[in-house]
Structure formats: structure tokens, C-alpha cells
Amino acid sequence: MRRNYREGGGFEEAAAYSRAVQIGEHVAVSGTAAREGGDAYAQTREAISRALAAAAELGAAKDDVLRTRLLLVQGCDWEGAVRAHAEAFAGVDPANTTYFVSGFIPEGALVEFELDAVIPEPPR
């Protein structure tokens with residue numbers, strides 16, 4: 001079974017993508033940027049919050065997160081972004097990769113965040 005979740009932004013339609021997709025027990029959340037400005041720490045907190053909300057729309061909780069990816073604009077405060085990630089996922093400790101990239105389509109974005117989750121099967 002496949003379910004898609006869209007936030008309703010015009011870019012989703014223009015690029016034909018969903019914020020999050022669930023197939024079976026797997027949930028993938030697309031690169032998610034903050035809507036508000038701010039430094040790398042603030043943008044990471046907002047991007048993580050938006051990504052977790054999208055995952056929750058498809059039934060995945062924070063504890064179900066298996067892997068995360070932080071994509072950061074070269075030269076931004078990577079330590080602030082990593083601190084925001086640590087605050088959000090302490091105790092879950094998902095696999096993570098953090099990258100520097102040359103830039104993002106949203107003007108002023110310093111961070112994009114992606115996650116993958118696996119929804120546990122209910123006990124039988």
C-alpha cells in the first residue's frame with residue numbers, strides 16, 4: 001500500500017513530488033527546509049519539526065526514525081545544526097549523514113533535512 005502526503009505548496013505540484021511517502025512500513029520524508037529565516041540552528045529545528053509532522057501524518061513517530069540526513073550550505077554553522085539534531089533525536093540516535101552542499105532552491109535556506117522511518121508492526 002502506498003500513501004502520499006503533501007503540504008500543498010506549489011513546488012510540490014510543479015516538481016511532482018510529495019513531502020512524505022509511505023510504502024508498507026517504510027516512510028520517507030523529502031528534503032525539508034525551514035519556512036522562516038534564522039541561523040542554522042533555528043532553521044534545523046524548524047525543518048526537523050516539519051519533517052516529523054509529515055512523517056506523523058503517515059503514522060510514523062520520532063522513535064520510528066531510522067535514518068536522517070542534514071544538508072547544509074557550505075560555510076553555515078554546522079555545529080548549530082548538529083546541536084538542533086541532537087536535541088531532537090537524543091535517545092533515538094538514528095543513523096545520520098551530514099553534508100555540505102552548494103545551495104538550495106528556497107532563497108535564504110541554510111539547511112534541508114530528510115528522514116526515513118520504519119513503522120513497527122503491531123503485536124499479534
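## The Glu114–Arg69 salt bridge

In this predicted model, Glu114 forms a salt bridge with Arg69 (a side-chain nitrogen of Lys or Arg within 4 Å of a carboxyl oxygen of Asp or Glu), and the closest N and O atoms of the pair are 2.7 Å apart. Glu114 belongs to strand E6 (residues 111-118) and Arg69 to strand E4 (residues 65-73), so the contact ties together parts that are 45 residues apart in sequence. Helices (H or I, at least four residues) and strands (E, at least two) are DSSP runs, numbered from the N terminus.

With a relative accessible area of 22%, Glu114 is partly exposed, while Arg69, at 12% relative accessibility, counts as buried. These classes are set with a 1.4 Å probe on protein chains only, buried being under 20% relative accessible area, exposed over 50%, and partly exposed in between.

## A network around Glu7

The structure holds 6 salt bridges. Salt bridges that share partners join Glu7, Arg19, Arg35 and Arg50 into one network.

Arg19 forms a salt bridge with Glu7, with 3.2 Å between the closest N and O atoms. Arg19 lies in the loop between helix H1 (10-15) and strand E2 (20-23), and Glu7 in the loop between strand E1 (2-5) and H1, so this pair ties together parts that are 12 residues apart in sequence. Arg19 is buried, at a relative accessible area of 5%, whereas Glu7 is partly exposed at 26%. Arg35 also forms a salt bridge with Glu7, the closest N and O atoms being 3.2 Å apart. Because Arg35 lies in the loop between strand E3 (26-33) and helix H2 (40-57), and Glu7 in the loop between E1 and H1, the pair ties together parts that are 28 residues apart in sequence. Arg35 itself is exposed, with a relative accessible area of 56%.

## Strand E4 and its parallel partner

Strand E4, which contains Arg69, pairs in the parallel sense with strand E5 (residues 95-101) over 7 bridges; strands are taken to pair if DSSP finds at least two bridges between them. Leu72 stands opposite Phe100 in E5.

E4, helix H3 (residues 78-89) and E5 make a right-handed β-α-β unit, a crossover being right-handed if, with the strands pointing away from the viewer, the path from the first strand over the helix to the second runs clockwise.

## Basis of the values

Residues are numbered from 1 along each chain as its sequence is written, and side-chain values use heavy atoms, with hydrogens and water left out. Local features need pLDDT of at least 70 and side-chain atom pairs count only at pLDDT 80 or more, while totals for chains, interfaces and linings use all residues.
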